[in-house]
Amino acid sequence: MLFSEIVVVGCGNPLFADDGFGPAVIEALQKLPLPENVKVLDVGLGGPHFVFTLLDDTVTKKLVIVDIADFGAAPGSLTKLRVEDLPPGSYRDAHSWDIAEPLQRIKDTIDITVIGCQPKRVTAPEFEIGLTEEVRKAIPRTVELVLQEVGVDHGTAIKHLQYLQEEERLGGDFAADCTST
């Protein structure tokens with residue numbers, strides 16, 4: 001199966017400063033234990049056009065998109081949007097491709113949420129690697145919002161991640177070590 005019941009995608013390009021927000025959130029999510037019915041993907045810039053059209057609505061029921069969005073707030077501010085909140089032509093990538101258009105075609109069969117972060121600086125077409133401090137600080141809260149959207153308890157996911165990190169640090173089966181004493 002190409003995609004799961006729930007698909008979380010990060011859009012953007014880390015070569016253009018804050019446009020790398022979506023991929024940075026996906027990188028953080030990939031460290032967490034997620035249910036098997038959740039697929040997390042960094043789809044870059046051109047990927048959304050292909051991924052959105054490849055979704056099979058008999059399999060995929062929910063799509064969560066993480067990206068920058070200029071909604072006139074302070075840099076690093078977050079918003080949750082529905083496809084209906086995106087006027088035609090208002091949601092474009094760095095190449096001026098209308099991302100809302102392919103979403104309009106699937107919105108009646110797949111539940112779509114866009115989690116947008118107000119960027120401080122997008123440098124396209126000039127390269128600048130790295131997020132601004134304000135946008136970087138929005139990553140943990142965005143991870144929480146995504147986990148809420150996919151029905152995963154944030155606290156449990158973080159505790160499980162910490163457990164795995166401790167097990168890796170000790171170089172063995174941490175649970176077995178704790179119960180054998």
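In this predicted model, residue K62 belongs to strand β3, which covers residues 62-68. K62 counts as buried because its relative accessibility is 12%, and buried means under 20%. Although K62 and I6 are 56 residues apart along the chain, their C-alpha atoms are separated by 4.8 Å. Leaving aside residues up to four places away in sequence, K62 touches E5, I6, V7, I110, D111, T113 and E149. With one of these residues, D111, a polar contact is made between the two side chains, at 2.7 Å.

Strand β3 is part of an open sheet of five strands, arranged in the order β2-β1-β3-β5-β4 with mixed pairing. The edges of the sheet are formed by β2 (38-44) and β4 (78-81), each of which pairs on one side only. From one strand to the next, the twist averages 20°. The pairing of β4 with β5 (residues 111-117) is antiparallel and extends over four bridges. Within this part of the sheet, K80 has I115 in β5 as its bridge partner.

Two helices are described relative to the sheet. Helix α1, residues 21-29, packs on the sheet and touches β1 (6-11), β2, β3, β4 and β5. The direction of α1 makes about 135° with that of β1. Helix α5, residues 139-150, lies across β1, β2, β3, β4 and β5. Relative to β3, the strand in which K62 is found, helix α5 runs at about 165°. Among the residues touched by K62 is E149, and residues 139-150 make up helix α5.

Key:
Residues numbered from 1 in each chain as written. Predicted model: local features only at pLDDT ≥ 70, side-chain atom pairs only at ≥ 80, totals over all residues. Heavy atoms only, no water. Buried < 20%, exposed > 50% of the residue type's maximum accessible area, 1.4 Å probe, protein only. Contact = heavy atoms within 4.5 Å. Polar contact = N/O pair within 3.5 Å; in protein donor to acceptor, adjacent residues only side chain to side chain. Pairing = 2+ DSSP bridges. Axes fitted to C-alpha atoms, helices over the stretch in contact; angles between N-to-C directions.
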